[in-house]
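Subject: Structure handover

Hi,

Here is the structure I promised to pass on. Please open it alongside this email. My notes follow below.

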Amino acid sequence: MQQVRVGLIGCGSFARGMHVPNILKNPKLTLVATCDLDLQLASRVAQEVGARYATSDVAQLLGDPEIDAVFIVTRHDGHAPLSVQAARTGKHILCEKPMGLNRDECRQVAQAVREAGVVYTVGYNRGLSPLVLKAKEIMAAHPGKKMLYHRIQAPFPADSWTHDPAVGGGRFVGEGCHIFDLFCRLVDAPPVSVYAAGGTFLDPVRVHIPDSANVTIGFADGSVATTLIASDGCADFPKEATEVYWAGKAIYIDNFTTLSYHGVVDNGEGRIVLKAGDKGHRLEIDQFADAVLTGAPAPNGLVAAYRAALISYLVNESLASGQALTINPQDYQL
Ligand SMILES: NC(=O)c1ccc[n+]([C@@H]2O[C@H](COP(=O)([O-])OP(=O)(O)OC[C@H]3O[C@@H](n4cnc5c(N)ncnc54)[C@H](O)[C@@H]3O)[C@@H](O)[C@H]2O)c1
């Protein structure tokens, strides 16, 4: 196989703004068909990119022997059922986060993927940001337990489908999983505890579940990571930042655009500035293509996918109970 022939399921704003342009730029991938419940939308995207056909029938796309892999970019309630369906037709899968809305959905995905022997990747792209990879390189040369902090803040719309537990799963399941995965990548030790404090900061008449929290994750090597997830934030302030402190050293990543490091013995201090923020989406689909074409390990395979998903469920459970909850590596082995 020279190129991975991709069928796109879900032609919404993220698919059109991110995955489609990145597929078009990557010679290892080719987009052959588009699928959306809205056939007009699927047809428009197919026409724009020169895909062979558009459909609103996912079975047509999954039954096409000339499609090797699907990108699942629907709302969250579609992720697990479509992943199971895709695996059963032998398609490799890149599924946007979250892996599923609950533990059962994730287990069903894992079972179907394992039985079919297909490649599975979930869209936790941030760990593949060039600046996060650079931070990991610096940290690898200076081992030791770490204190980490990540901010993710924005004025999140109160009427977003992501706040509907049945469709989106809420902010922590739907988006927080990105950050829980990022921490697991930056700390080379398993997560062992989760504690969350927060609540509903958006209009409680429209949002009926917690949307904001400070989440603290403990790791087996003693590292501690806290993320502030604020839904009622400020559009004029950078959305994200990552900080790491350990052994007299510090790393600061501002919105995946600038990295500065301090107190690092050999290199002293330094600063890397990208022309534009890069959250790792391009590398993610490139590594997915390599996994399909060469058998290289998939980025964010089943275990990593479930690890951050499980933390997200524990965040909601910790908010409900007020308790810190434990997590063991065997809990996310599926
Ligand atoms: N990784 C990231 O950085 C990132 C950022 C934003 C969004 N996302 C993810 O992208 C996904 C889509 O988000 P969005 O904002 O584009 O949503 P959206 O509502 O704009 O698009 C979803 C599309 O999926 C279609 N759809 C739903 N069910 C379908 C089905 N069964 N078959 C075919 N089409 C179906 C809908 O008609 C819609 O056009 C979500 O999973 C979201 O979490 C990821």
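Met18, His19, Asn22 and Ile23 of helix H1 are in contact with His281, Arg282 and Ile285 of helix H8. By class, that contact has 3 nonpolar, 3 polar and 1 charged residues. Keep in mind that this is a predicted model. H1 covers residues 13-25, and H8 covers residues 281-294. Their axes come within 10 Å and cross at roughly 55°. The crossing is right-handed.

H1 also matters for the next topic, the ligand. Which helix gives the most to the shell around the ligand? H1 does, with 3 residues. The ligand is surrounded by 23 residues. The closest are Gly10, Gly12, Phe14, Thr74 and Glu96. By class, the shell holds 9 nonpolar, 9 polar and 5 charged residues.

Next, the helix pairs that involve H5.

H5 runs over residues 103-116, and helix H4 over residues 79-88. The two pack at an angle of about 10°, with their axes 8 Å apart. The cut-off for roughly parallel is under 35 degrees, so H4 and H5 fall in that class. H4 passes H5 in a left-handed crossing. On the H4 side, the contact uses Ala80, Ser83, Val84, Ala87 and Arg88. On the H5 side, it uses Glu105, Gln108, Val109, Ala112, Val113 and Ala116. The residues of this contact comprise 7 nonpolar, 2 polar and 2 charged.

H5 has another partner in helix H9, residues 302-321. What is the angle between H5 and H9? They pack at about 175°, and their axes lie 10 Å apart. Angles over 145 degrees count as roughly antiparallel, so that is the label for H5 and H9. H5 brings Arg103, Cys106, Ala110 and Val113 to the contact. H9 brings Leu302, Tyr306, Ala309 and Tyr313. The classes here are 7 nonpolar, no polar and 1 charged. Val113 of H5 is listed in the contact with H4 and again in the contact with H9.

Two backbone details to check before you set anything up.

- Lysine 97 and proline 98 are joined by a cis peptide bond, with omega about 0°. Proline 98 sits in the loop between strand E5 (92-95) and H5.
- Asparagine 255 has phi near 50°, a positive value in a residue other than glycine. Its place is the loop between strand E12 (249-254) and strand E13 (258-264).

Last, the chain as a whole. How many helices and strands does the secondary structure come to? The count is 9 helices and 15 strands. The radius of gyration is 20 Å, close to the 20 Å that the globule rule gives for 334 residues, so the chain is as compact as a globular protein of that length. Along its principal axes, the C-alpha trace spans about 55 × 50 × 40 Å.

Best wishes

How values were computed. Residues are numbered from 1 along each chain as its sequence is written. This is a predicted model: local features need pLDDT of at least 70, side-chain atom pairs count only at pLDDT 80 or more; totals for chains, interfaces and linings use all residues. A residue is near a molecule or strand if its C-beta atom, placed from the backbone, lies within 6 Å of it. Helices (H or I, at least four residues) and strands (E, at least two) are DSSP runs, numbered from the N terminus. Ala, Val, Leu, Ile, Met, Phe, Trp, Tyr, Cys and Pro count as nonpolar, Asp, Glu, Lys and Arg as charged, and the others, Gly among them, as polar. Axes are lines fitted to C-alpha atoms, for helices over the stretch in contact, and angles run from 0 to 180 degrees between N-to-C directions. Angles under 35 degrees count as roughly parallel, over 145 as roughly antiparallel, 65 to 115 as roughly perpendicular and the rest as oblique. A crossing is left-handed if the near helix is turned anticlockwise from the far one by less than a right angle, and right-handed if clockwise. Two residues are in contact if their C-beta atoms, placed from the backbone, lie within 7 Å. The radius of gyration is taken over C-alpha atoms; the globule rule is 2.2 Å times the number of residues to the power 0.38.
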